[in-house]
Amino acid sequence: MSKVVVITGANSGIGLAAAKLYESNGYFVVLGCRDEKKGLSTEKEIGKKSKFLKIDMTDYESINNFYDNLKAEFDKVDIFYSNAGIMYVPFSVTKEGHESTLGTNYFGSSYLTLKMLDLMKDVDNSRIIQISSIAMYFIKEMRYEGLEDETIYSPWTWYNISNLYRTMFSFELDRKINKLKTDVAVVHPGVTRSRLYRRSKPTLGYRIIDKFKTNVSTGVAPVIEASTTISLKKERVYAPRIIHQYGKPSTYKANKLAYNLQEREILWNYTLDKIGMKDIL
Ligand SMILES: NC(=O)c1ccc[n+]([C@@H]2O[C@H](COP(=O)([O-])OP(=O)(O)OC[C@H]3O[C@@H](n4cnc5c(N)ncnc54)[C@H](OP(=O)(O)O)[C@@H]3O)[C@@H](O)[C@H]2O)c1
């Protein structure tokens, strides 16, 4: 049987590019998408070695249904690419009570990642690939208070926090599951041209950044590298080699907060409490 890869947000941008590459490398690709029409059209585009399953990362019931459907069809998963994400959105709160950027990029992805372990933990060389961003480096201290407070909400800051937390949670998960067969890797694609930026305001700063964006083939390369390299580098971020932006994949240090084990433990407990998964590991 083919190796199985599960991708969230597989109908667009880096997720779609990864789906195509995994398929061409012989994987069976499970396409986790929130929009049925887009999911089915992606399944048609990728072909017979793919299957669309519906998932909304902001809704735990939807994540549970996705997982149950996955488990009904597959008895193992080789790669889980946690890719779905949003950026620069107006303030709103998810069904689960999280601000939506954090709810999608962080809490939803952490919830699904922990569930996925059951299908991966006994699979040789299985890998969880968590997308993150250079945005993580802008955060200088941990923050837990007021994350659901509209009066202090700032779209960029919350996006930055979501990426730092994605990284720290992944490093901590990798440490906690070191006896299992699954490794966890973190990837930054570089600033890549995609729909992610569709709500950004055309300020001067944004127009300058826009000039430096790379195409999706550069952005997806570190994802594939982190999925396939034999000797995975622990607690590093896979990203394009030149200033995290251009060229072939290499690895970098994360934000230094990600190496503070005490902060990681606090974030870990805070997160498990928030997603209702205390004592899972
Ligand atoms: N592009 C960059 O420069 C860059 C840099 C660093 C990190 N990243 C990260 O890379 C990931 C992919 O981004 P992209 O650039 O490829 O953007 P994109 O083209 O907008 O893709 C995002 C994907 O996530 C899906 N998604 C959003 N909210 C969801 C939800 N609640 N449930 C399920 N799926 C959801 C979207 O589905 P819909 O089509 O239904 O909206 C879409 O398929 C994101 O996590 C982003 O933070 C991107």
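Helix 1 gives the largest share of the shell around the ligand, three residues. Helices here are DSSP runs of H or I of at least four residues, numbered from the N terminus. This is a predicted model, where local features need pLDDT of at least 70, side-chain atom pairs count only at pLDDT 80 or more, and totals for chains, interfaces and linings use all residues. Residues are numbered from 1 along each chain as its sequence is written.

There are 30 residues around the ligand, and Gly9, Gly13, Gly85, Ser133 and Ser194 come nearest; near means a C-beta atom, placed from the backbone, within 6 Å of the molecule. Two or more residues come from each of helix 1 (13-24) and helix 4 (100-120). The shell has 10 nonpolar, 15 polar and five charged residues. Ala, Val, Leu, Ile, Met, Phe, Trp, Tyr, Cys and Pro count as nonpolar, Asp, Glu, Lys and Arg as charged, and the others, Gly among them, as polar.

Next, the helix pair. Helix 1 packs with helix 7 (residues 216-228) at an angle of about 65 degrees, and their axes are 9 Å apart. Axes are lines fitted to C-alpha atoms over the stretch in contact, and angles run from 0 to 180 degrees between N-to-C directions. Which residues of helix 1 meet helix 7? They are Gly13, Ile14, Ala17, Ala18 and Leu21, with contact meaning C-beta atoms, placed from the backbone, within 7 Å.

Val187 touches, among others, Val223 and Ala226, not counting residues up to four places away in sequence.

Note on methods:
Two residues are in contact if their C-beta atoms, placed from the backbone, lie within 7 Å.
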